[in-house]
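I opened this notebook to record what I looked up in the model, entry by entry.

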Amino acid sequence: MRRFFLLAALLGGGAVAQTALPGVLTIRFLDVGQGDAVLITAPEGQSLLYDGGRSEKRMTELLAQYGVKSLAVVAASHADADHITGLIPAVQMFKPRFFLNNGIAATTQTFGKLTAAVQAAGTQGLLAKDQVINLGSVKVTVLPPPLGMPKTDQNLNSVGLLIEYGTFKALMTGDSETAETQGWLRAYPASKLGPIDVYKSIHHGAKNGDNPVWLRAVRPSNVVIGVGPNNYGHPTSEALNLYKSVGAAIYRTDLNGTVTITVQPGGKYSLGTGKGTGTTPQAAPPRVTPQPLPRVTPPVVPALPSSLTYPNCAAVRAAGKAPLLAGQPGYSRKLDRDGDGRACE
């Protein structure tokens, strides 16, 4: 197992704490439209914002809506605009102590504005490496980009976070792609990565994000997709089918609004949505109440006329009934001249 450097207890002080439910870890997958933003608040009140979506205005509204008074850490999974734009007002407002990132600069104005805000706030840059951040009593393990990822590709250098509280585990993996998840699988034992209670969909459900090998390792029970109106086709049918194939319930911020997870000290958790209920692909099919079989009415067979008579044998033969046997309709002693029970022989 890899050794982790410990960012020892530096986020345990009361100076950064804010109102929190006693003993409860809260994770909010924020409804920021097409993008990712996850707000993690420890039972002691310290908060970490992982990505910020693509709208400064939207993030400002959400931070006010959820009563955020401070941030200990802001973390950028990578430097794409739909992940870091909302971090700008978060840094400006709360001057967090640390800015965790992959260390790869982007050439965009948004990235420049964010780094300027970090510098102005006096926030310390924290390069992602094997390390653990103690967010109060919550263990946050940083999953840095594996060795060998091309430095020109932001997605392949996404920073992941493994959140642990009691037996509960949540996993965030940015916009990583198969090469990066393969690297993580080489670096970490399967028992470290899964099973995961709540999992952030890679790259908003893109078809080049999650893959079968990776999902079988992390074994998510619930998948949350940060997604809004877009022209990319997110989430794709490929990703949705993958999540269904591992039996995960699926939640989407475009359909369910902000998805909130509250975790008790032992790890028992509950999941709530701003709207709707998400989907549960592995739900049992609707129970079918057996219905009584319809009664079958035997077909009605028309009764033969009992008064059938033939005037003579010529009529019997013309009807194709010759010979008529005693007891058959139309038999009569008149036609049975020898009385042997066979008329019109």
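Entry on backbone geometry. I first looked up Lys-95, which lies in the loop between α3 (87-94) and β6, where helices (H or I, at least four residues) and strands (E, at least two) are DSSP runs numbered from the N terminus. Lys-95 is not a glycine, yet its phi is positive, at about 45°. I noted that the model is a predicted one, in which local features need pLDDT of at least 70, side-chain atom pairs count only at pLDDT 80 or more, and totals for chains, interfaces and linings use all residues. Residues are numbered from 1 along each chain as its sequence is written, and side-chain values use heavy atoms, with hydrogens and water left out.

I then found a positive phi of about 50° at Arg-219, again not a glycine, in the loop between α7 and β13. Arg-219 is partly exposed, with a relative accessible area of 39%; buried means under 20%, exposed over 50%, and partly exposed in between, with a 1.4 Å probe and protein chains only. For context, most residues other than glycine have a negative phi, and most peptide bonds are trans.

Entry on cis peptides. I found a cis bond from Gly-194 to Pro-195, with omega near 0°, and placed Pro-195 in the loop between α6 (190-193) and β12 (196-200). Another cis peptide bond joins His-234 and Pro-235, with omega about -5°, and Pro-235 is found in the loop between β13 and α8.

Entry on His-234. Is His-234 buried or exposed? I record His-234 as buried, because its relative accessibility is 13%. Its side chain makes a polar contact of 3.1 Å with that of Gln-34, a polar contact being a pair of N or O atoms within 3.5 Å; within protein, one must be able to donate a hydrogen and the other to accept it, and residues adjacent in sequence count only if both atoms are side-chain atoms. Leaving out residues up to four places away in sequence, His-234 touches Gln-34, His-203, His-204, Gly-205, Ala-206 and Val-227, where contact means heavy atoms within 4.5 Å.

Entry on Val-218. I located Val-218 in helix α7 (residues 212-218), and it counts as buried because its relative accessibility is 0%. With residues up to four places away in sequence not counted, the residues that Val-218 touches include Gly-194 and Pro-195, the pair joined by the cis bond noted above. Val-218 and Leu-185 are 33 residues apart in sequence, and their C-alpha atoms are 9.6 Å apart in space.

Entry on cavities. How many cavities of 30 Å³ or more does the structure hold? I find 2, a cavity being a set of points, on a 1 Å grid over the protein atoms alone, where a 1.4 Å probe fits but cannot get out, with lining residues having an atom within 4 Å of a point. Grid points are joined across faces, edges and corners, and a volume is the space filled by probe spheres set on the points. The largest cavity has about 50 Å³ of space, and its lining includes Lys-200, Val-224 and Thr-253.

Entry on totals. I count 10 helices and 18 strands in the protein, and buried residues make up 50% of its 345 residues. Of the contacts with a separation of 6 or more, 66% are between residues 24 or more positions apart.

Key. On a 1 Å grid over the protein atoms alone, a cavity is a set of points where a 1.4 Å probe fits but cannot get out, and a pocket is an open set with protein on both sides within 12 Å along at least five of seven lines; lining residues have an atom within 4 Å of a point.
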